[in-house]
Each structure stands twice: as structure tokens, then as C-alpha cells.
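Please read each point beside the sequence and the structure.

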Amino acid sequence: SKSKSAQTKPPTKDDKRYMILTYIGEYDKVHYPLPLTEVTTIGGGEAREEVEVETGEAMNDMKMQVRLLEEDNEEKENELARLRELVDSQQQSLSTAAEEANPPSGELKQKNAELRRKLAKMEAKFVDEVRSNRGEIRELRGMLDSVKKGAQKKGEAPQPDVHAKNSALLK
């Protein structure tokens with residue numbers, strides 16, 4: 001049987017713990033004791049409740065961000081379609097006017113070219129914004145999935161994927 005002095009005693013406030021960092025050089029070996037700070041933990045039930053609340057809030061925030069980005073994407077796609085229709089109708093009007101003014105005037109050609117340049121710029125801008133939003137949506141969904149997985153590991157009930165119907169749009 002072990003003596004009382006050999007048994008481990010309960011830690012006190014004066015007990016300090018250190019991590020020893022050892023540097024080994026070509027000709028020397030140096031030990032650096034690094035003090036570790038004590039980490040207090042919350043009781044099991046309180047910690048779990050706090051994690052569940054924070055996880056739920058983070059999931060709700062991410063879902064809201066995904067919804068807002070999807071709405072923004074839809075608005076931009078609708079605006080792009082409207083602009084395309086507008087440019088098409090203006091090009092058709094210009095073509096009709098050009099045919100009537102036989103031979104085509106240089107001014108109409110110039111306006112037509114200008115409208116085509118504007119359309120190309122607008123299309124590029126909207127396409128970039130849509131791609132950017134899709135990337136953000138993918139990133140937020142990935143973060144949301146990792147939060148869900150973390151919540152499932154902690155024993156929470158899995159949340160249904162609200163955005164499953166929209167995932168086909170992003171692929």
C-alpha cells in the first residue's frame with residue numbers, strides 16, 4: 001500500500017502548471033518553462049445549454065444571410081433579363097429605322113454599337129455579382145452544414161435543409 005505522501009493531493013490555487021519547451025541546437029539544449037493559465041469550465045448542463053443557444057443563433061444568422069443573398073440574386077437576374085429585353089427592343093428599333101433610312105446612317109450604327117457595349121458591360125457586371133453571390137451562398141451553406149454537424153455530434157436533433165430546393169440553382 002502507498003503512503004499518504006505518495007498519493008496525489010487535490011490541486012490548490014497555488015499549484016501552477018508549466019509546459020516545457022525544449023530548444024535543441026547544434027551544441028546546446030535549453031529548456032523554457034512556459035506557465036499555463038488555468039481554464040475554468042462551466043458545469044456540464046450550463047455549457048451544453050450555452051453551446052446550443054449560440055449554435056442556434058449562428059444557424060439562424062447563416063440561414064438569413066443565405067435567404068438575403070438568394071433574393072438579391074433573383075432580383076439581379078430579373079434586372080438582367082429586363083435590360084436584355086430593353087436592348088433587344090432598341091436594337092430592333094434601330095435596325096428598322098436603319099432599313100427605312102436606306103442606306104444605313106453612321107449615327108444609327110454608332111448608337112447601336114454604343115448600346116451593345118453598354119449591354120456587354122451590364123451583363124458582365126450582373127454575371128460577376130451573381131457568381132459572387134453563389135460563392136457566398138455555397139460558403140454559408142458549408143458553414144451551416146458544419147454547424148449542423150457540430151450540433152448533431154452534441155446530440156441535438158438534425159435541422160431540415162430549408163434550402164434543398166435552391167441547391168440545384170447553385171450547381
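1. Helices (H or I, at least four residues) and strands (E, at least two) are DSSP runs, numbered from the N terminus. This is a predicted model, in which local features need pLDDT of at least 70 and side-chain atom pairs count only at pLDDT 80 or more, while totals for chains, interfaces and linings use all residues. Residues are numbered from 1 along each chain as its sequence is written, and side-chain values use heavy atoms, with hydrogens and water left out.

2. Overall architecture. The chain contains two strands and three helices, and along the sequence these follow the pattern β-β-α-α-α. Contact here means heavy atoms within 4.5 Å. Of the contacts in the chain with a separation of 6 or more, 63% are between residues 24 or more positions apart.

3. Accessible areas come from the Shrake-Rupley method with a 1.4 Å probe, and for residues only the protein chains shown count as cover. The accessible surface of the chain is about 13900 Å², with 52% belonging to carbon and sulfur atoms. A residue is buried under 20% relative accessible area, exposed over 50%, and partly exposed in between (1.4 Å probe, protein chains only). Of the 171 residues, 20% count as buried.

4. Residue L140. This residue lies in helix α2 (residues 106–153). L140 counts as buried because its relative accessibility is 9%. Apart from neighbours within four places in sequence, L140 is in contact with M62, Q65, V66 and L69. The C-alpha atoms of L140 and K63 are 8.1 Å apart, although the two residues are separated by 77 residues in sequence.

5. Residue Q91. Helix α1 holds Q91, and this residue is buried because its relative accessible area is 16%. Leaving aside neighbours within four places in sequence, Q91 is in contact with N112 and R116.

6. M19 lies in strand β1 and is partly exposed, with a relative accessible area of 45%.
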